[in-house]
Amino acid sequence: MVKMSVGEKYVSKNKDPLIVDFPYSILYKHTFGEVSPFFVGLKNKRLLGTVCRNREKHKNGKDLLFLPPRADCPECMAEVTEWVDLTDADIRIYTFTTAYFAGETFLDRIPYTLINIDVQGYDNSYSKLTSTLVINEPGEINIGLKDIRIGMKIKPKFKDVPLEKVDASTLYFVPAEK
Amino acid sequence: MGNRVAMIAGGMTQFAKARKDSTQEELVMEAARMALFENDLKIDPLDVKKMIDGTIVSYFSDHFERQLLFGAIIRDYLGFNPIQSARIEGGGATGGLGLKAGYEMVKSGDASVVMVIGFEKMSEVSTSKGNEFIALASDTDFDFPVGGYYSAYYAAMATRYMYEFGITEKQMAKVAVKNRNNAQYNFFAQTNSKNPYATKSTSGFITIYDVLNSPMIATPLKRLDCCLMSDGAAVAILAEESIAKELTDRPVIIEGVGNGTDTMRPADRPTTVGGLIKDDLLLPHEKAEWYEDMVYPGLHSFRAGRKAAKMAYKMAGITNPLEQIDVVELHDAYTSSELQTYEDLGLAKYGEGGKLIDSAPFDDEKGVFKEINPKLANRVHVNPSGGLLGCMHAVGATGIMQAVSVMWQIQGKIEKFYGSDKLQVKNAKRGLAHSHAGTGSDVTVFVLGRGW
């Protein structure tokens, strides 16, 4: 007799399960709370972050830029009320990937490039925002997928959408150099 | 500090992309029955069951099956009412965190024998919907809406990891070859062609060329660099040490437990020069001068994994993991993250994860390792089970599958359960199980050792 492993012994005998359809959908009414100005900023074609200047209370001794913005500083627990406009800042690619597969909502957009950004002039611990890079926008610098690189200069762009449809994808980036 | 806690038994299902033959609770029963009836317990399994005075149910998502409070169904189905229980969830580390909760139940004295039950059924929605559900475990205000999903987050981290340390796609691909080919000797594994539930087109042995030529998912990660999605369950039974010794001749002691955390968004990982030292994360065998100038954790390293390892090593008295650990089951969600994790666990210096995989003899022409389950650095075996790349990733069950696999390694029972002795690490005395969530938001490390 052939010796059977425990795994083999436990194989299910059922060959005929009944499978039915089970639909489900939801609409969420979501608040952006105290960082709402970031999203209103996107509608107004501005890129805004928040800054906490209690540098002496921060682990690295530096001012902290929050992008995604935060209304409260995780290091000194202070409320963060200062907004800075980064629309014209020197922004570089910190890292990137080009996606050829995606979750269901984004399947029609592939391939697309996701980036983490690096805002020059600030400590980038809390500000490497995830966004997308569009490399073939009419009227902007166009490059190939293979030209995308860490350290490359980029600039923010904004989709025209009604305020109630604004989300993080209203913002995207385009190359600011070849 | 009271008695130690031991693992005494484990069970798991056949893993597969889809287990349409069984409901979730039926799959859990399969694993629980195996844990009680197949682990050479010294008294009647049903008497052991009567001794169980606590359960932990660990599962990740309420979305996959559109069922909240699933734990109540599971406990009922297994006949564990009215004893105490809690549901544990922590993304990909759900299984590891569940095991830690079970350990704590015993350690605190609230229970003496605990069954930790992990499960997930991911096949009731399409693969792209499943990816979306998993992506909901990233920041849904800022990362998910821009098209973020887990393979892409890891891919962006891999891009930076390659940039920082010169890691290559070939080194990453080798991880897939190692783990997937190990899985061919583990009957439970989803990619094992002998598994009756295996999808034939996505199972069997692979070469490095298969990995490098597989379809691109998110640069630099290709399909075979990415882990599986699975249906299945895994169960572990823990007991206070003196009871454990009454129930089994081969108790496996939980010698060390560690847990670390990091930010949800990769965007918010500190880029501090010398951050590893500032966060007090140097291991006993490492020198501060190695890392004084290194940005840490940045997007290239998992600080939570290092924190968990440091905590577990301290408790277990591990001063040099590579010398003291025989077998590791770690969370290889992606080939890149296995290499990154070598470094977090101190099996390789930061930046040298690629060198560690290169240390195993490789046949460049055939594109496979010269041996199945190769030793790294001529010392340690990593992911003999096949890991998440070769065996399974049924999220809530994963960390438990890994710990049970390490337990069977130490007990010398791999052939009995996997159906082949090819993956048995000879004379394994001490092992490590690593469970990991998000892009490194939650990590657990267990050091397990022979208790007889």
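In S4(B), Thr55(B) finds its bridge partner in Met115(B). This is a predicted model, with local features requiring pLDDT of at least 70 and side-chain atom pairs counted only at pLDDT 80 or more, while totals for chains, interfaces and linings use all residues. Residues are numbered from 1 along each chain as its sequence is written, chains are lettered from A and ligands numbered from 1 in the order in which they are written, and side-chain values use heavy atoms, leaving out hydrogens and water.

Strands S2 (residues 54–58) and S4 (residues 113–121) of chain B run parallel over five bridges; strands (E, at least two residues) and helices (H or I, at least four) are DSSP runs numbered from the N terminus, and two strands pair if DSSP finds at least two bridges between them. Both sit in an open sheet of eleven strands with mixed pairing, ordered S3-S2-S4-S7-S1-S8-S17-S16-S11-S15-S14 (chain B). S3 (85–88) and S14 (375–376) of chain B are the edge strands, each with a single partner, so one side of each lacks a neighbour in the sheet.

As for helix packing, the axes (lines fitted to C-alpha atoms over the stretch in contact, with angles from 0 to 180 degrees between N-to-C directions) of H4 (residues 94–107) and H17 (residues 395–411) of chain B come within 5 Å and cross at roughly 65°. Contact here means heavy atoms within 4.5 Å. On the H4(B) side, Thr94(B), Gly95(B), Gly96(B) and Leu99(B) take part, meeting residues of H17(B) that include Gly399(B) and Ala403(B).

Elsewhere, Val328(B) has contacts beyond four places in sequence with residues including Leu345(B), His381(B) and Leu432(B).
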